[in-house]
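Have the viewer open as you read.

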Amino acid sequence: DQTHALSAGLNWDTPTWNVGLGLIARSGWPTTPVTLDASGPVPVAVPGGRNSGRVGYYRSADLRLTRKFELERGSLDVFIEINNLLGRENPCCLEYEILEEDEGGGLELQMLDYFPRIPSIGFIWRF
């Protein structure tokens with residue numbers, strides 16, 4: 001359930017090089033808020049309205065640079081990719097933790113992010 005989404009891509013290809021850029025922006029995914037009922041002897045996590053909350057917007061730019069080599073038997077593509085090229089902190093999910101009494105009790109909520117910038121290298125050998 002992503003109410004709004006936009007994806008775009010650019011690609012430049014020559015016999016020896018390929019450069020691709022992918023862009024994506026979308027609204028945040030739904031989440032269910034949780035509160036802590038500590039009125040009894042054991043604290044109980046109480047869910048709110050199902051999917052009534054949302055994490056923040058997601059935006060990313062991904063780049064791939066490929067060098068192509070023709071071999072005697074087949075071909076070899078060597079590439080480098082960078083996902084989340086701009087290193088944005090994109091929220092993905094919520095983590096809840098029940099705090100101990102000596103920490104003040106209650107429920108701690110932490111927004112987690114997707115991975116930061118991720119470089120990778122690889123190759124494709126066709127024979």
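A patch here is built from residues with over 30% relative accessible area and no salt bridge, and nonpolar side chains are joined within 5 Å. In this predicted model, one nonpolar surface patch is formed by Phe69, Leu71, Val78, Phe123, Trp125 and Phe127, and together they have about 690 Å² of accessible area. The elements giving two or more residues to it are β7 (58-71) and β11 (118-126). Leu71 sits in strand β7 and is partly exposed, at 39% relative accessible area.

Now for the overall picture. The chain has eleven strands and zero helices. Its radius of gyration is 22 Å, well over the 14 Å that the globule rule gives for 127 residues, so the chain is more spread out than a compact globule. Along the principal axes, the C-alpha atoms fill a box of roughly 75 × 30 × 25 Å. As for burial, 19% of the 127 residues count as buried.

Five of the strands make an open sheet, ordered β1-β2-β7-β8-β11, with antiparallel pairing. At the edges are β1 (5-13) and β11, each pairing on one side only. On average, neighbouring strands in this sheet are turned by 15° against each other, ignoring direction. Strand β8 (residues 74-83) and β11 run antiparallel and are joined by nine bridges; within that pairing, Asp77 has Ile124 of β11 as its bridge partner.

How many salt bridges does the model have? The count comes to three, and they look like this:

| Salt bridge | Closest N to O distance |
|---|---|
| Lys68 and Asp13 | 2.5 Å |
| Arg126 and Asp77 | 2.9 Å |

Where do these pairs sit along the chain? Lys68 in strand β7 and Asp13 in strand β1 are 55 residues apart, so to speak distant parts of the chain that the pair links. Arg64 in strand β7 and Glu81 in strand β8 are 17 residues apart, and this pair also links distant parts of the chain. Arg126 in strand β11 and Asp77 in strand β8, 49 residues apart, likewise link distant parts of the chain.

Is Asp77 buried or exposed? Asp77 is buried because its relative accessible area is 11%, and the cut-off for buried is under 20%. Its salt-bridge partner, Arg126, counts as partly exposed at 42%. Partly exposed also describes Asp13, at 48% relative accessibility, and Arg64, at 28%.

Methods
Residues numbered from 1 in each chain as written. Predicted model: local features only at pLDDT ≥ 70, side-chain atom pairs only at ≥ 80, totals over all residues. Heavy atoms only, no water. Patch = residues over 30% accessible without salt bridge, like charges linked within 9 Å, V, L, I, M, F, W, Y side chains within 5 Å. Areas by Shrake-Rupley, 256 points an atom, 1.4 Å probe, with all protein chains shown as cover. Salt bridge = Lys/Arg side-chain N within 4 Å of Asp/Glu carboxyl O. Helix = DSSP H or I, 4+ residues; strand = E, 2+ residues; numbered from the N terminus. Buried < 20%, exposed > 50% of the residue type's maximum accessible area, 1.4 Å probe, protein only. Pairing = 2+ DSSP bridges. Axes fitted to C-alpha atoms, helices over the stretch in contact; angles between N-to-C directions. Rg over C-alpha atoms; globule rule 2.2 N^0.38 Å.
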